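Have a look at the model first, then read on.

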Amino acid sequence: MLDQIHWLAAVTILGVLEQAYFFLQVIYARRLFGISPPKISGPPEFERIFRAQVNSSEYFPIFLALLWQAGLFFHQGLAAALGLLYLYARYCYFMGYKASSSERTSFLNSLYQPGATAHLSPACVCSACDRAAG
């Protein structure tokens, strides 16, 4: 049985280490901005870091339950690979949430603009054709 769960255990340990990294980021932010532990409000920079950590830790139990169920009842390799993908996406989410909203907006616009243009172009052409025909 142990040889069947080693990938799941490795992804679980990586997930715990990622959560520890997020917790440490909050501790460093508290020290940087001088916010004592019971308080959860402060400068926007601190609140973004705190909120990103809380959001990540809220979904961690759900992630673990799905990871282990998928690995035990379906396929361990696929579950572990998707778990790694989730952990990477969660790290990107944390770093993006940590950034200021103006930095996020410019980054997201650079990502979404080509996709939105490609997605909307056929719709614009079709609606123009419909107007011309009708």
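This is a predicted model: local features need pLDDT of at least 70, side-chain atom pairs count only at pLDDT 80 or more; totals for chains, interfaces and linings use all residues.

Buried means under 20% relative accessible area, exposed means over 50%, and partly exposed is in between (1.4 Å probe, protein chains only).

Residues are numbered from 1 along each chain as its sequence is written, and side-chain values use heavy atoms, leaving out hydrogens and water.

So, on to the rings. Rings of Phe, Tyr and Trp (its six-membered ring) pair if their centres lie within 6.5 Å; planes under 30 degrees apart are stacked, over 60 edge-to-face, and the rest tilted.

| Pair | Centre distance | Plane angle | Type |
|---|---|---|---|
| Tyr21 and Phe94 | 6.5 Å | 65° | edge-to-face |
| Phe46 and Phe50 | 5.9 Å | 25° | stacked |

Tyr21 counts as partly exposed, at 30% relative accessibility, whereas Phe94 is buried at 0%. Ring pairs also link Tyr21, Phe22, Tyr91 and Phe94 into a cluster.

What sits over the ring of Tyr93? That's the charged end of Arg90, 4.8 Å from the ring centre. To count, NZ of Lys or CZ of Arg must be within 6 Å of the ring centre and within 35 degrees of the ring normal.
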